[in-house]
Amino acid sequence: PVIAPELQPAIQPTLPDAQTVTSVTHWTDSLFSFRVTRPNSLRFRSGEFVMLGLMKEDGRPLLRAYSIASPAWDDELEFYSIKVQDGPLTSRLQHIRPGDQIILRPKPVGTLVHDALIPGKRLWFFATGTGIAPFASLLREPETWEKYDEVILTHTCRDPEDLAYGRQLVDGLPGDPLIGELVGGKLRYYPTTTRGQSARMGRITDLLRSGKVFEDLGVPEIDPETDRAMVCGSIGLNTDLKEILEGFGLREGANSDPAEYVVEKAFVG
Ligand code: A2P
């Protein structure tokens, strides 16, 4: 029998590696975060990134690297992104809504992982802009709090409103049912802005060079005996911070050869 077209079930094109969007939060005109279902097969280490994107008109996937902002134990995946009005991916991705599908390749990689650092007492997370994403994962990772006595998160953005995602995350940690107790009083948060007026102004690189960060936080200078660092921002930030950290005597580590600090470019931006 011939089934009339209007009676045929709608045929959903099956996307390879499709995941479903569960929530979207718009933080500013140029920043948003979203959560998606997690593939059963996906195992990752907090701090790693995956390739994520949308299908193009021509039926091919358009993918970009995105740090996973949720911790390894979460049953969903969270991402934090800029919106570029003429960006090939984010001009479209910024319009996703719950129920929509995205493509996610379940092959996590990255250097901002605990395995790439040797043991220490104090851990610094240096982020600019959306570079806070891998630290949003690591801040919710129990291993972070089990391994270190103190964790210092610095986040530098152009304007105060760009700090909102990170601030909400930090504010939520002490009351988090899973890791709140582990966090205890160990977290220090050091947000700065470089353009819009805020309580603390300036690039983190300048604040480290002048010693102002240590003064403000009341902590000793970075010391290779005790301090470990993870850096995630623009190429310029990464290059400048490498020089600063090496000036303090820290060496760059990798998965295969752990040391005192690791760096990764903040993607999509
Ligand atoms: P600035 O406003 O002085 O350029 P962007 O939005 O361009 O990715 O920048 C995010 C933040 O990172 C901004 O506050 C920016 O400061 C800062 N930044 C950019 N490059 C560097 C760098 N080389 N060292 C330190 N901070 C940087």
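Tutor: Residues are numbered from 1 along each chain as its sequence is written. As the model is predicted, local features need pLDDT of at least 70 and side-chain atom pairs count only at pLDDT 80 or more, while totals for chains, interfaces and linings use all residues.

Student: What makes Leu 237, Leu 241 and Leu 245 of helix 8 buried?

Tutor: A residue is buried if 20 or more other C-beta atoms, placed from the backbone, lie within 10 Å of its own, exposed if 12 or fewer, and partly exposed in between. Those three leucines are classed as buried, whereas Ile 235, Gly 236, Glu 243 and Gly 247 on the other side of helix 8 are exposed. Helices (H or I, at least four residues) and strands (E, at least two) are DSSP runs, numbered from the N terminus.

Student: Why do we say that the buried residues of helix 8 line one face?

Tutor: Seen down the helix axis, they fall within an arc of 55 degrees, so they line one face of helix 8. The arc is that of the directions from the helix axis to the C-beta atoms.

Student: How do you know what span to expect of helix 8?

Tutor: The expected span is 1.5 Å times one less than the number of residues. Helix 8 (residues 235-247) has 13 residues, and its reach of 18 Å from first C-alpha to last is close to the expected 18 Å.

Student: What makes strand 3 and strand 4 a pair?

Tutor: Two strands pair if DSSP finds at least two bridges between them. Strand 3 (residues 49-55) and strand 4 (residues 61-67) have seven, in the antiparallel sense. Among the partners, Leu 52 is bridged to Arg 64 in strand 4. The two strands form a hairpin with five residues between them, and Gly 59 in the turn has a positive phi of about 85 degrees.

Student: Which residues touch the most other members of the largest nonpolar core?

Tutor: A nonpolar core is a set of buried Ala, Val, Leu, Ile, Met, Phe, Trp, Tyr and Cys residues joined through C-beta atoms within 7 Å. The largest one has 59 residues, and Phe 79, Phe 125 and Phe 135 touch the most other members. Strand 7 (residues 122-128) gives the most to this core, with five residues.

Student: Which residues does Phe 79 touch?

Tutor: Contact requires C-beta atoms, placed from the backbone, within 7 Å. Leaving out residues up to four places away in sequence, the contacts of Phe 79 include Phe 34, Leu 52, Tyr 66 and Ala 133.

Technical notes. Two residues are in contact if their C-beta atoms, placed from the backbone, lie within 7 Å.
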